[in-house]
Amino acid sequence: EAQVTQNPRYLITVTGKKLTVTCSQNMNHEYMSWYRQDPGLGLRQIYYSMNVEVTDKGDVPEGYKVSRKEKRNFPLILESPSPNQTSLYFCASSRAGGNNQPQHFGDGTRLSIL
Amino acid sequence: GQQLNQSPQSMFIQEGEDVSMNCTSSSIFNTWLWYKQEPGEGPVLLIALYKAGELTSNGRLTAQFGITRKDSFLNISASIPSDVGIYFCAGTSSGTYKYIFGTGTRLKVLA
């Protein structure tokens, strides 16, 4: 089954404790992306990756890092999480980036930073 | 960062009614996408639009890419209880691989 898998689905942690949210897709997609969803703000793109070793900032990259060492994986790293990063996070992938490739989303990771 | 203006923010309608929601942007978009999100899940693509003026249907859903390339609407005809969810528009503009999402329309259908 074609899917985007995120782990963990839920995490409560404390300020400053480094964490990583993993994302994996089994569709051989080139483009992968991370979003955060906050009430009243919709989804905002954090980082995206056009292909292996190619990443770029979205609209809200501050406080986040990503890496794309393999095509199927695109982890989101919070080196020193802060409470304003409490949010619902989604990973997405598509065959290629750009104008005509709709994205497939994972089921989300709810992060609470205390 | 750039955001799309999506309206209305929320709607309460009776089962069987038609629904209309729209998105506007201050800049030109090359693609308009409409997604639906149900509780505890990620957004799921409903309709993708690629050309100005394009009108596309998916069952009871119809969406149009505005002629100015700065807006799009989604209509749902004869709503049913399972239409409940949050509907998002999204788009990409020329020369960028960033996706911009609207703030969402929360739809509730009363049986």
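Strands in these notes are DSSP runs of at least two residues, numbered from the N terminus. The model is a predicted one.

1. Cis peptide bonds. In chain B, the peptide bond that runs from Ser7(B) to Pro8(B) is cis, with omega near 0°, and Pro8(B) has its place in the loop between S1 and strand S2 (10-14) of that chain. In chain A, a cis peptide bond joins Asn7(A) and Pro8(A), with omega of about -5°, and Pro8(A) is placed in the loop between strand S1 (4-7) and strand S2 (10-13) of chain A.

2. The disulfide of chain A. Over all chains, the structure holds 2 disulfides. One of them joins Cys23(A) to Cys91(A), with an S to S distance of 1.9 Å, and the link is left-handed, at -75° about the S-S bond. Distant parts of the chain are linked by this pair, since Cys23(A) belongs to strand S3 (residues 19-25) of chain A and Cys91(A) to strand S9 (residues 87-94) of chain A, 68 residues apart. Are these two cysteines, Cys23(A) and Cys91(A), buried or exposed? Both Cys23(A) and Cys91(A) are buried.

3. The disulfide of chain B. Here Cys23(B) is joined to Cys89(B), with an S to S distance of 1.6 Å, and the link is again described as left-handed, with -70° about the S-S bond. This pair, too, links distant parts of its chain, with Cys23(B) in strand S3 (residues 19-24) of chain B and Cys89(B) in strand S9 (residues 85-92) of chain B, 66 residues apart. Cys23(B) and Cys89(B) are both buried.

4. An open sheet in chain A. The sheet is made of 4 strands in the order S1-S3-S8-S7 of chain A, with antiparallel pairing. Its edge strands are S1 and S7 of chain A, each of which pairs on one side only. S7(A) and S8(A), which run antiparallel, are joined by 2 bridges, and Lys65(A) stands opposite Ile77(A) in S8(A).

5. Ser67(A) is found in the loop between strand S7 (65-66) and strand S8 (76-78) of chain A. Why does Ser67(A) count as buried? Its relative accessibility is 18%, and buried means under 20% relative accessible area, so Ser67(A) counts as buried. If residues up to four places away in sequence are not counted, Ser67(A) touches Asn73(A), Phe74(A) and Pro75(A).

6. An open sheet in chain B. In this chain 5 strands form an open sheet in the order S1-S3-S8-S7-S6, and the pairing is antiparallel. Strand S1 (5-7) and strand S6 (55-58) of chain B stand at the edges with a single partner strand each, so one side of each is left without a neighbour in the sheet. From one strand to the next, the twist averages 15°. S6(B) is joined by 4 bridges to strand S7 (residues 61-65) of chain B, and the two run antiparallel; Ser57(B) stands opposite Thr62(B) in S7(B).

7. Residues with positive phi. Asn28(A), a residue other than glycine, has a positive phi near 60° and lies in the loop between S3 and strand S4 (31-38) of chain A. With a relative accessible area of 55%, Asn28(A) is exposed. In chain B, Arg69(B) has phi near 65°, likewise a positive value in a residue other than glycine, and is found in the loop between S7 and strand S8 (71-76) of chain B. Arg69(B) counts as partly exposed, at 31% relative accessibility.

8. The interface between the chains. How many residues does the contact take from chain A and from chain B? Chain A gives 28 residues and chain B gives 25 residues. The area buried between chain A and chain B is about 2,000 Å², and carbon and sulfur atoms give 51% of that area. Across this interface the rule finds 1 salt bridge, in which the side chains of Lys98(B) and Asp59(A) meet at 3.6 Å, N to O.

How values were computed:
Residues are numbered from 1 along each chain as its sequence is written. Chains are lettered from A and ligands numbered from 1 in the order in which they are written. This is a predicted model: local features need pLDDT of at least 70, side-chain atom pairs count only at pLDDT 80 or more; totals for chains, interfaces and linings use all residues. Side-chain values use heavy atoms; hydrogens and water are left out. A disulfide is a pair of cysteine sulfur atoms within 2.5 Å. Buried means under 20% relative accessible area, exposed over 50%, partly exposed in between (1.4 Å probe, protein chains only). Contact means heavy atoms within 4.5 Å. Two strands pair if DSSP finds at least two bridges between them. Axes are lines fitted to C-alpha atoms, for helices over the stretch in contact, and angles run from 0 to 180 degrees between N-to-C directions. Buried area is the accessible area (1.4 Å probe) that two parts lose on being put together, summed over both. A salt bridge is a side-chain nitrogen of Lys or Arg within 4 Å of a carboxyl oxygen of Asp or Glu.
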